[in-house]
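Here are my notes on this one, point by point. Have a look at the strand pairing and the chain contacts as you read.

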Amino acid sequence: MKKLINDPFKVTVECIEGYVKAYPDLIKPIGTHVVVRGEAPIKDKVAVVIGGGSGHEPLFLGWVGYGMADAAVLGEVFAAPPPQFIVEATKAVNGGKGVVYIYGNYAGDRMNFDIAAEMMEGEGVKVESIRVWDDVASAPPERIQERRGLAGDLFVIKIAGAKAEEKASLVDVKRVAEKARDNCRTYAVGLSPPTIPASGKPTFTLGEDEMYLGIGAHGEKGVKIIKMLSADETAEILVNELIKELNLKEGDEVNVIINGYGSTTLMELYIVNRKVHQILSGLGIAIHRTEVGNFLTSQEMAGCSISLLKLDGELKMLYDAPAYTPTYRLCSIHR
Amino acid sequence: MRKTLDYNSLRSFLLNFSNAIMEKKDYLTELDAACGDGDFGVNMYLGFKRVYESIEKLNGNDVGNLFEIVGKTILSSVGGASGPVFGILFIEAGKAVKGKNEVTLDELATMFKNALEKIRLRGGAKVGDKTLIDALEPAVNALITASHKKEDIYTALKIAAESARVGSESTKNLVAKQGKARYLGEQSIGHLDPGAEVIRILFEELLVTYQSFCLKNN
């Protein structure tokens, strides 16, 4: 795999160095693996700390700023960050009103964030953790707490960030974050594998005429390998599963994310989105807001994921609240 | 025959173990690539390189402190799931013998027993889940049994190393229930768990160090 890098063992650190140079007006680095809002710490605001392995940009790194996260902590490619980076981030953004950790539900992330949370609690800082488990392909509904976190991270971080920006209490920020998490689902498909720079090998192999249904964000095995389908057929399989999972009915309202995994073009993503809208509209399900683009990538993996967030008045209002970060910006609209 | 493992022999074990992990980088990567995302060997290599550097010039006599340094170095540098798991292993082992400059078999058993319990608590894995627990638990049980039977340390280490080997070997036929390998389901059968292999190597190196260090100096 061709990659425009230097030392494969330094990709994370060099990526962060370059990233902070691009947005000096918005963010600042703390050490080597943490970025925080320029104005951090913000007094009397619940601090939102997000993070996980690198290699998924813009996920985590790009969503630090007004209306979203106060800090992002990155580990090496596809590997959770060690506790001391999380502690560094927490200390840099703690405004005295408690801290919320939001991350994808992976064993490594759970352990490192839990250890960090215990260390911070030991210093008298209140920490709440929200694990995002939106991937319908990774475990049956009755074992939802074993599911992986995918692009639903965006919904949860956006909504928690908006609530925290209102200077809401730690209890309230946690409540809306969990509500967003519990009302979103994601289903993904992979067309070609990612490569971790340090290992240099693709994480799976797939024939030219095959696609991987339910692929994980690190190229973990999916539900099954199927014959390559068209954009419309693929969208249909993915979105129908989400409709079933969320028990969506006529009159319900949703937000949509069509997420590209790295090397799938925007053109393809828009074609998928076209069909998703046709299906949802056909069922009388209203679409409030649609996000199309690369939000959670997996190196150069090809493929996409579709995420739906079932809305109520509160989630809708929080999602629509303004946000201004290096890679996610939203103007305020109240319809 | 020696009845204890002293500071110097345990430090030399930790150096040998670090070397063994560094040497087996490609082997561990290969195992991880079969069921995980293939970064285990590299992450462990980088972590144990730091471990080696941090204890190479260490001039102390507190075994507890020695193990805690190893654990904290791993916890702070490896990341992923391996960082906490192997970090906790050495930190908890160290806590059990704080201030001691040599450990008896009974204390050695307690070190690894406490480590096992804390890892279980943190990660939630149990025997049969295709993780390092499959090698660590039988090794710990072997040490405890040997200690109760008042066996000598050498015999105990031989049984522990053999138990870890058999335990690690057993992961080959197991379906992964934890971590990213879990999603493979039945497809994870036929591959050894890399974490269990690290435990096998650990008890192997402990035995080898005892043989070369303690038997020779007796």
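1. Start with strand S10 (residues 253-260) of chain A: S10(A) runs antiparallel to S12(A), with seven bridges between them. Pairing here takes at least two DSSP bridges between two strands. Within S12(A), Ser307(A) is the bridge partner of Ile257(A).

2. Before going on: this is a predicted model, with local features needing pLDDT of at least 70, side-chain atom pairs counted only at pLDDT 80 or more, and totals for chains, interfaces and linings using all residues. Residues count from 1 along each chain as its sequence is written, while chains are lettered from A and ligands numbered from 1 in the order in which they are written.

3. S12(A) also pairs with strand S7 (residues 184-192) of chain A, again antiparallel, over eight bridges. There, Ser192(A) has Ala302(A) as its bridge partner in S12(A). Strands are DSSP runs of E, at least two residues, and helices are runs of H or I, at least four, numbered from the N terminus.

4. Is S12(A) buried or exposed? Nine of the nine residues in S12 (302-310) of chain A are buried (20 or more other C-beta atoms within 10 Å of a residue's own, with C-beta atoms placed from the backbone). Ala302(A), Cys304(A), Ile306(A), Leu308(A) and Lys310(A) point one way, and Gly303(A), Ser305(A), Ser307(A) and Leu309(A) the other.

5. On to the chains: 24 residues of chain B contact 25 residues of chain A (C-beta atoms, placed from the backbone, within 7 Å). On the chain B side, H4(B) gives the most, with three residues.

Definitions and conventions:
Buried ≥ 20, exposed ≤ 12 C-beta atoms within 10 Å, placed from the backbone. Contact = placed C-beta atoms within 7 Å.
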